[in-house]
There are 2 protein chains.
Amino acid sequence: MNDDSSRSAWAYLSSVAQGPCGPLSDLVAAVGADDAARAVREWDLPPALQKVTQSRRHLDTAADDLELIESLGGRFVTPDDAEWPSWRMLAFDGCDSGRESELVAPLGLWVLGTASLAELTDRAIGVVGTRAPSNYGTSVTADIASDLAAQGWTIVSGAAFGVDAAAHRAALAVEGASIAVLACGVDRAYPAAHQALLRRIAEDGLVVSEYAPNTTPQRHRFLERNRLIAVLSDAVAVIEAGRRSGARNTAKWARRLGRPALAVPGSVNSTTSVGCNQMIREGEAILVANASDVLVEAGPLRLPVDEVTLDQRVTDGLVGDQLLVYEALPVVGGLAPQQLAEASGLPIGNVRAALPMLELAGFVVSDESGWHRVRQRRAS
Amino acid sequence: MNDDSSRSAWAYLSSVAQGPCGPLSDLVAAVGADDAARAVREWDLPPALQKVTQSRRHLDTAADDLELIESLGGRFVTPDDAEWPSWRMLAFDGCDSGRESELVAPLGLWVLGTASLAELTDRAIGVVGTRAPSNYGTSVTADIASDLAAQGWTIVSGAAFGVDAAAHRAALAVEGASIAVLACGVDRAYPAAHQALLRRIAEDGLVVSEYAPNTTPQRHRFLERNRLIAVLSDAVAVIEAGRRSGARNTAKWARRLGRPALAVPGSVNSTTSVGCNQMIREGEAILVANASDVLVEAGPLRLPVDEVTLDQRVTDGLVGDQLLVYEALPVVGGLAPQQLAEASGLPIGNVRAALPMLELAGFVVSDESGWHRVRQRRAS
């Protein structure tokens, strides 16, 4: 199926959509890329799709775009390709996208760099933050990103000034991999001052965009781009963020996609930590102080749930109430929160607070008969 | 009932117990202080009580202790007195003290200072932390404690070096009140270097101890004392704490007694913020950045639940998911978490995470029919 005409169909759809487009993704899911591209070209569409494709369906730049990306030494990766990070993109199916048409997988990714997209995103952490960090933010970014990269984790970020650039550079410095996800075509260096940095990122890792070449960066594209940083990662760590920060948006995507949103705390007197402290305070992010905290949170997600052996090694990541609650669960069967409170000796409020965290981390599930360890549930 | 012989009975029991003693408190609850004191003096006790009173029952220092406290211009406040903070001490009844005999109200409080104990603890915040804070910790302590004290909140702390002393001084500096809860008799200045500070605290506020005069500070008494800092406060804020810190113990008491445990975040590179960051990370404390964050958390507790009008003013304190979940609850009747997820548009995990927080804050309760707003529940 992955022949040139199919790739051309995906490229056409990608450039017509110019970013996430729920109705178009639905059409592709229903009839496949080839027929979807044909339907758009021939204007054989229900009204909702006519509306969203109207302005760009005549601009068939697929052949030019594919030629350009090839001339740059890059490629256009589609859901038909082996290196498509399929299991990561499943997160879009798992979340309620009803009200937001941008909460869909991209219609292909334009890529610079020789590494395999699937392999590089097998173990990946999003590291993001303000464009104007303090010295503290820059140094914590370097510490966390280099520790993660040195342990073989790919750093996913946005190549922006500040925390993003520090994260990419930290990965490069330990000869680790990073992925820069752009809000414009990968033929553009954005920001322009990062042209050399982007070239180096593509050497050791990948520069990626869902926007066809020649697409300019626009405000809404940064927000759309942020969802890709989240979906390509096991967790997203915000290192420093002011009160209003794009990084907070990335963390929000992470939560919606089932990835832990993490934030590094900082001085309550620092304007560049206000956003992180707020996210932690409001339960939007889990506090992390270092790379090992990040991996405690990111850990469970990457193990296929059915193969998880919830032995000491895995529960090592659990601490405090969560560990007590988990250990209070029987190996077979379920318990109600009140029974768990009795079994664990914890107040019922602590049990109720720990359960959703354990659920998010993939350790427990609930049904009508109560809360279960994941493995028992799967086996039953 | 509050005659001299009763006070003398309480004082005798206080000095026999020398700190919290569950079995003795049970006896007092069952037969009253006068008969309890007689039973201990006459050794007319069940074996469990014989054991815990054996070593000190012969040392009847009540008369001397009462004379000494009077000579110091102080007094011994008992549960029979009007200024006894009765409603605060109710928290001990509300928690499961089964396994810990120290989780009981004190058998009276030895007090220096002219203010009423009940009035001064009507609106009170515990402010505690490491004995060796950084400049950051000292300055944040001063900011938060003086803001709270200037708004009429009493600062409750332990008069130790570091954060405790900074908190008391900040209250004094704005002519606010503070309460120093000691782990030794109030006739002792501990630490000795704080003799003048303790004298000033007693002028504008109170110096308090459950230990009779002449009791020396011992390690276990600091831990017992910490529960009193918690119970006399609407919330306990830990400003800075190292990895192992008594302040963390105070926060633990706060949680067990139904008071919000709060912590100020700090640099992940600061050893004096490790404890606070950890508490926040592990869900043991809520992140607070300033006095107004503290009051958002401390607020609901001090309103008698039956009189709470959950109007805009009160829900002002709610943010993010908690506000959305609260607003999704009907005015009459209950909803299951799944229904709340549908009504609020939030993922079920977020709803499950928000509910225990709302419950802790006193906004919602649950029963067999689901989750309810508190006011409806009370009215039904």
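Predicted model: local features only at pLDDT ≥ 70, side-chain atom pairs only at ≥ 80, totals over all residues.
Let's start with chain A. A patch of negative charge sits on the surface, where A:D3, A:D4, A:D64, A:E67, A:E70 and A:D80 gather. Helix 5 of chain A (residues 62-71) gives the patch its largest share, 3 residues. A:E67 is in that helix, and because its relative accessibility is 57%, over the 50% cut-off, A:E67 counts as exposed.

A:D60 is partly exposed, at 38% relative accessible area.

On to salt bridges: over all chains, the structure holds 24.

| Salt bridge | Closest N and O atoms |
|---|---|
| B:D81 with B:R7 | 2.9 Å |
| B:R248 with B:E284 | 3.2 Å |
| B:R188 with B:D187 | 3.9 Å |

What about burial in these pairs? B:R248 is buried at 17% relative accessible area, and B:E284 is buried at 19%. B:D81 also counts as buried, with 13% relative accessibility. B:R188, on the other hand, is partly exposed at 31%, and B:D187 counts as partly exposed at 27%.

Back in chain A, A:R248, A:E282 and A:E284 are linked in a network of salt bridges.

Finally, the domains: chain A is divided into domain 1 (112-301) and domain 2 (304-379), and their C-alpha centres lie 31 Å apart.

Conventions: Residues numbered from 1 in each chain as written. Chains lettered and ligands numbered in written order. Heavy atoms only, no water. Patch = residues over 30% accessible without salt bridge, like charges linked within 9 Å, V, L, I, M, F, W, Y side chains within 5 Å. Areas by Shrake-Rupley, 256 points an atom, 1.4 Å probe, with all protein chains shown as cover. Salt bridge = Lys/Arg side-chain N within 4 Å of Asp/Glu carboxyl O. Lys, Arg positive; Asp, Glu negative; His and termini not counted. Charge placed at Lys NZ, Arg CZ, Asp CG, Glu CD. Helix = DSSP H or I, 4+ residues; strand = E, 2+ residues; numbered from the N terminus. Buried < 20%, exposed > 50% of the residue type's maximum accessible area, 1.4 Å probe, protein only. Domains from an automatic or database assignment.
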